[in-house]
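Dear colleague,

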Protein chains: 2
Amino acid sequence: MTLLYDAPIEDMRFLQAHVTGLSRLRSLPQFEGITADLAHAILEEAARFANEVIAPLNPASDRQPASLQADQVQTSPGYREAYQKFIKGGWNGLDCSPETGGQGLPQSLSMNVNEMWHSASLSFALCPMLTSGAIHAVQGHASADLQARYLKRLVSGEWTGTMNLTEPQAGSDLAAITTRAVPEDDHYRLFGTKIFITYGDHDLTDNIVHLVLARLPDAPAGIKGISLFLVPKQIETTEGQTVRNDVVCTALEHKVGIHGSPTAVMTFGDNEGAIGYLVGQANQGLFYMFTMMNHARLQVGLQGVAVSQRAFQLAREYAHTRRQGSTLLKTGGQGMIEDHPDVRRLLLTMESTVQAMRALALEAATELDLSTQADAQAAQRAQVRADLLIPVVKGWCTEQAVEITSMAMQVHGGMGYIEETGIGQLWRDARITPIYEGTTAIQANDFVSRKLLRDQGQAMQGLLADMLTVCKALADSQQSMLQTLGLQLQQATDTLQSCLDFILSRQEADRSAVYFTSVPLLMLTGFVAGGWMLGRCALAAMAESTICETTQAQHLKLASAYGQLVLMPALGLSHSILHGHEVLTHL
Amino acid sequence: MTLLYDAPIEDMRFLQAHVTGLSRLRSLPQFEGITADLAHAILEEAARFANEVIAPLNPASDRQPASLQADQVQTSPGYREAYQKFIKGGWNGLDCSPETGGQGLPQSLSMNVNEMWHSASLSFALCPMLTSGAIHAVQGHASADLQARYLKRLVSGEWTGTMNLTEPQAGSDLAAITTRAVPEDDHYRLFGTKIFITYGDHDLTDNIVHLVLARLPDAPAGIKGISLFLVPKQIETTEGQTVRNDVVCTALEHKVGIHGSPTAVMTFGDNEGAIGYLVGQANQGLFYMFTMMNHARLQVGLQGVAVSQRAFQLAREYAHTRRQGSTLLKTGGQGMIEDHPDVRRLLLTMESTVQAMRALALEAATELDLSTQADAQAAQRAQVRADLLIPVVKGWCTEQAVEITSMAMQVHGGMGYIEETGIGQLWRDARITPIYEGTTAIQANDFVSRKLLRDQGQAMQGLLADMLTVCKALADSQQSMLQTLGLQLQQATDTLQSCLDFILSRQEADRSAVYFTSVPLLMLTGFVAGGWMLGRCALAAMAESTICETTQAQHLKLASAYGQLVLMPALGLSHSILHGHEVLTHL
């Protein structure tokens, strides 16, 4: 079965031109050269590459997972060739600075490109995604010497990067890490076992740069005693030779999905110890990880968008071409299954939610771009907004991805349960996204503790104020559908406000109550923020005289569907948020 | 990893003794001999068999699916031996009449037993479940001669049964069936291809009895021209020999889950034609299928209960034994992950919902039992109630099963995504339940058209009246948690009433609007009916002086959790039901 991927370039262009992304970055000199035409050309090229080179790998990698051979991990069929094309095409490090060999694109534009890679194959795209995380760590915190030795080859993709955090006894709780780093000359020897290491080993490149959390001998207990080390798979000796470092992949996990992405158990120092180099200061490892986390979590949220988009496309295509039964929504009564009311409901729910998710993820990335501007106050405001939105993007978009891929399967009926359709793989692949890079509960705790309670709701009040501005613009419009959405968004914003007030009124005095419903609160925030973005999209579509009526009607339709089918039902979550904790009194 | 199954016998006994099942069947003479002690003994034996014989097969069958060999399908390791033990133990045909060799148990009691089989292995339990469907068809509609030849060996399980409905072009729409049946002597020759045939072929028994929908040469077009045929895999000649019939499994599907259950493509009449016998009257096939459907759909709903129960158990066990991070719900702050508020929220949501699902499924089965009583009017009332509840049980319990198995995975964190944990298999297995035996949309359409519109909401008004009685009893209780649940259930019942009124006010005049939101309506009905059952459970627990305080507290806790975390948030669905159709005006 052919599973073509049709990149949603039009929606991306619309967002960039009229809603967020480039349209909000015009005052930033570093992006002066990124014209709409250039952006469009990049998107078109990326769409072609995603469709022609990456998407065809995806079904085979599900059936032929990466496998552990004698001396290294062998990736799925075609991965090696595709990766070489990927880096030769200059697709790695798109948003890295030009002095490191990157293209210097805004993160918000590279988000659109990355969405295409993830839609084409989550498994394949994880490799450059992890490298990107390593680049952030090295560029942000490593010494000039380490940067000189590793940065350019990471940016070019000649080498890839990994993140080594989790240990068998230390999952969400990194304080429990026990991997040791013993000083020796100008480096350290590392001993320990890391699990769940994405692309911990592979045959795509000659070298792999592992970033590893470990403890120095004299380190304090808990999270304040964790340092970050750079541990290459191959060590370059002073004589210019390369020798194998004492770090090996000792097993691969059998996972529910993303079979093409090797998830490795990595053993450091089974012999003489793995040579590693301290990144930045000792005992600052967790702090460095946190600075990278915004980026990584935003990318995983984007994976949720991407896999949902792909699943929606497959469902739409199937519903459009599969004839079954007499249909209510077609004159004559013999249409395709898209003309059955419930199939239409599912498609509208999926399509409108995916668009809301994409817009919200792009908005968060734009705030990250804006946080690099010269005006310190404006930069700080943008950073605060990005920090607020990112757990929402990660938590909400990934939970929705599980729902949306499941809806796509349902549209397929019995065929959806047959692996050949490809929808099962998307559903299984999507299921990792609310788990890794911090589970939804971890996102929700971060959201409540660091983003709501720490500043006493100030950042959130700012977001709510922006939402109310959109409510007013919708209410003031002459379009009845926009007015309806305006009323719905007003109700949604009021509901969110009352939930925020509740959290602030309880906070430390009753932490159990607050954290008992942090996930429903994160989800509610996602649903309301999604409505805010679709409201902005619809307003922009109607305000621009250059936009054709078909596009305008499409935006109105999706905004209306989202309001009626997604946003309003979700407000029921507020009951759990405001009253759920009462259950705790009976335990 | 050991995946012991711990059958929820205590909950089953409680339901049977105090809420529904046996406690409502005391006036029926045919069940006079089924004492509480006998029922308990049966449940204990079944639990042992499920745990010792069936559950151990489940993980292996996921990795080693049934496979198509040269001349027949080979089942997963251990299936053949387990099946022989199953029928030798007399577990087949528990609710069949004694004159056919069955045990004559109430369906509501055999439901409890069947839940155990499904919890232990959905894949394995599908085989007797399909046989049970065939028994209903043969006993209900076949001639005395066919019954004499096939019924006892189906009831004993010496032979198994299948249902052959779907064809490549005829899925949900059976009107499109094209398999032909040509008369010849005292039998027919069948020609055609059927797909998605569960246990269409296997090596568990010597013979398989296929029940097949096909068209006679002179049959009218559409659903009125479909007849039902019995097509054995092996034909017994008049000389007492057995010869292979012209029906073969030509392929097995590669499915997302239930790998141990062979899903066959069956080819009838590739050579001389498959010999088949007409069941009942010509052109009545679909009607006969409908009479069996209540049974089959209830069983699939029960699968949803069963797989959810198993997943909940695994999650509870993991949360109870996995230490991670400092916990808020435990004094001292170093508990297990069950002491993290969000994990606790997930566990309470799962546990309370599963209990509501089990109680509701049992209530529907009890109504089926009551529909066999001598008092024709009472029997008719019970049948109407069963007809109303069954699409709710099928649709709601199976959709919840997908959610609950997913929650169970989330409780496991990263480990949940690793196949060895076993939770992935449950999640993948559960995903078929909202698809087969009629998708959720098919259930919702049946619910709206045949159960709500056909009698102008009369049956539903009866259910709502029963719910209001429970609301009043809860409000009148002296227990504050019950009073709270009473208020919530009152609000839920009012909401459901307004949705019913909406559907009745639109009905035929605006069928698109009605069917656009039939699935949300079915789900809302499920959530409210679940609350009704948990309200009855809690009232019964508090009313009985014989029930210990721990059990009472458990019922109060679950009723409270369900009200706060499940029922009230679900009321948001009413918005989609009442307003969702407005989207249609913009398409």
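Is the crossing of α6(B) and α7(B) left-handed or right-handed? The crossing of these two helices, α6(B) and α7(B), is left-handed. The residues behind that contact are Thr131(B), Ala134(B), Ile135(B), Val138(B) and Gln139(B) on α6(B), and Gln147(B), Leu151(B), Leu154(B) and Val155(B) on α7(B). By class, 6 of the residues in the contact of α6(B) with α7(B) are nonpolar and 3 are polar, with no charged residue. Helix α6 of chain B spans residues 122-141 and helix α7 of chain B residues 144-156; their axes lie 10 Å apart, at an angle of about 150 degrees. Angles over 145 degrees count as roughly antiparallel, and α6(B) and α7(B) are therefore roughly antiparallel to each other.

The model is predicted. Its scores are ipTM 0.96 and pTM 0.97. For chain A, the average pLDDT is 95, and 98% of the residues score at least 70. Where pLDDT is low, predicted coordinates should not be read in detail.

Next, the relation of the two chains.

In chain B, the axes of helix α10 (residues 376-411) and helix α12 (residues 440-453) come within 9 Å and cross at roughly 160 degrees. Accordingly, α10(B) and α12(B) are roughly antiparallel to each other. The crossing of α10(B) and α12(B) is left-handed. To this contact α10(B) brings Asp387(B), Leu388(B), Pro391(B), Val392(B), Lys394(B), Gly395(B), Thr398(B) and Glu399(B), while α12(B) brings Thr440(B), Gln443(B), Asp446(B), Phe447(B), Lys451(B) and Leu452(B). The residues of the contact of α10(B) with α12(B) comprise 5 nonpolar, 4 polar and 5 charged.

In chain A, helix α10 (residues 376-411) packs with helix α13 (residues 458-476) at an angle of about 90 degrees, the axes being 10 Å apart. Angles of 65 to 115 degrees count as roughly perpendicular, and α10(A) and α13(A) are therefore roughly perpendicular to each other. The contact involves Val384(A), Arg385(A), Leu388(A) and Leu389(A) of α10(A), together with Ala459(A), Met460(A), Gly462(A), Leu463(A) and Asp466(A) of α13(A). In the contact of α10(A) with α13(A), 6 residues are nonpolar, 1 is polar and 2 are charged.

With kind regards

Methods: Residues are numbered from 1 along each chain as its sequence is written. Chains are lettered from A and ligands numbered from 1 in the order in which they are written. This is a predicted model: local features need pLDDT of at least 70, side-chain atom pairs count only at pLDDT 80 or more; totals for chains, interfaces and linings use all residues. Side-chain values use heavy atoms; hydrogens and water are left out. pLDDT is the predictor's confidence in each residue, from 0 to 100. Axes are lines fitted to C-alpha atoms, for helices over the stretch in contact, and angles run from 0 to 180 degrees between N-to-C directions. Helices (H or I, at least four residues) and strands (E, at least two) are DSSP runs, numbered from the N terminus. Angles under 35 degrees count as roughly parallel, over 145 as roughly antiparallel, 65 to 115 as roughly perpendicular and the rest as oblique. A crossing is left-handed if the near helix is turned anticlockwise from the far one by less than a right angle, and right-handed if clockwise. Contact means heavy atoms within 4.5 Å. Ala, Val, Leu, Ile, Met, Phe, Trp, Tyr, Cys and Pro count as nonpolar, Asp, Glu, Lys and Arg as charged, and the others, Gly among them, as polar.
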